[in-house]
Amino acid sequence: MQVSIVITCYNRERFISRAIRSAISQRFPREQFEVIVVDDGSSDNSQKIIRDFGDEIIPIFLKNNRGLPAARNRGIKKAKGRFVVHLDSDDYFHDELLHIEYLHLALNQDWGAVACDYLEVDANEAHMRRGDAREEPIACGIMFRKENLINIGLYDERMLLCEDEELKRRYEAEYKIGYVHLPLYRYTRHEHNITN
């Protein structure tokens, strides 16, 4: 197992199916990656939608909402891949993301992770603008070496906002993050974004 995609979900019935489809449809050998979906105690129809994907994914259902950092940590601990990449439940991947990021990370042994540029899209998938991963970093679409995430202690589960920035500071203090200047991640802007 080379790569584990970790999708975290909380009440995202509108978007979760698209996120999962983009993960399982990657142009990367299917036996070499897994898709872990952690539902963080959703109260809408998200859990039913997740179950509909059957054995194409590895579902984890948390009974109570514990927050994004705890859900991500649960997924990382379950992951079998050498590398881990996060996908938010309202976003989606370009179908070459795994292939391109994997090659960059595998061929650059001094890189501890690799990030890519992204396109901001609206709720209807219309492209709004391109984001530069160096200038305006986002939390997802970064492929990490799993052992490094474990070494720095994973996400701080007490931080329910800006947890990704805090983790990235600790990560970059120890490991180099390389960049791929291709917009391989789709970041959905809508009224219910946590960052709003």
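**Reading the model**

Mentor: R189 is partly exposed, as its relative accessible area is 32%; buried means under 20%, exposed over 50%, and partly exposed in between (1.4 Å probe, protein chains only). The model is predicted, so local features need pLDDT of at least 70 and side-chain atom pairs count only at pLDDT 80 or more, whereas totals for chains, interfaces and linings use all residues. Numbering runs from 1 along each chain as its sequence is written, and side-chain values use heavy atoms, leaving out hydrogens and water.

Trainee: With which residue does R189 form a salt bridge?

Mentor: In general, side chains of opposite charge can pair when their charged atoms come close. The criterion here is a side-chain nitrogen of Lys or Arg within 4 Å of a carboxyl oxygen of Asp or Glu. The partner of R189 is E120, with the closest N and O atoms 3.6 Å apart. This pair joins distant parts of the chain, 69 residues apart: E120 belongs to strand β6 and R189 to the segment after β9. Helices (H or I, at least four residues) and strands (E, at least two) are DSSP runs, numbered from the N terminus. E120 is buried, because its relative accessible area is 6%.

Trainee: Which residues are linked with E120 and R189 in a network of salt bridges?

Mentor: R129 and E136 belong to that network. R129 and E136 form a salt bridge of their own, their closest N and O atoms lying 2.8 Å apart. R129 has 32% relative accessible area and is therefore partly exposed; E136, at 34%, is also partly exposed.

Trainee: How many salt bridges are found in the whole structure?

Mentor: The search finds 15. One of them pairs E157 with R66 at 3.2 Å between the closest N and O atoms. E157 lies in the loop between α5 and α6, and R66 in the loop between β3 (58–62) and α3, 91 residues apart.

Trainee: Is L154 buried or exposed?

Mentor: L154 is buried, because its relative accessibility is 7%. Although not a glycine, L154 has a positive phi of about 60°.

Trainee: Which residues touch the most other members of the largest nonpolar core?

Mentor: A nonpolar core is a set of buried Ala, Val, Leu, Ile, Met, Phe, Trp, Tyr and Cys residues joined through side-chain atoms within 4.5 Å. In the largest, of 38 residues, they are I5 and Y185. Elements supplying at least two residues each include β1 (3–9) and β9 (176–188). Another core, of 22 residues, lies apart from it and includes A79 and Y179.
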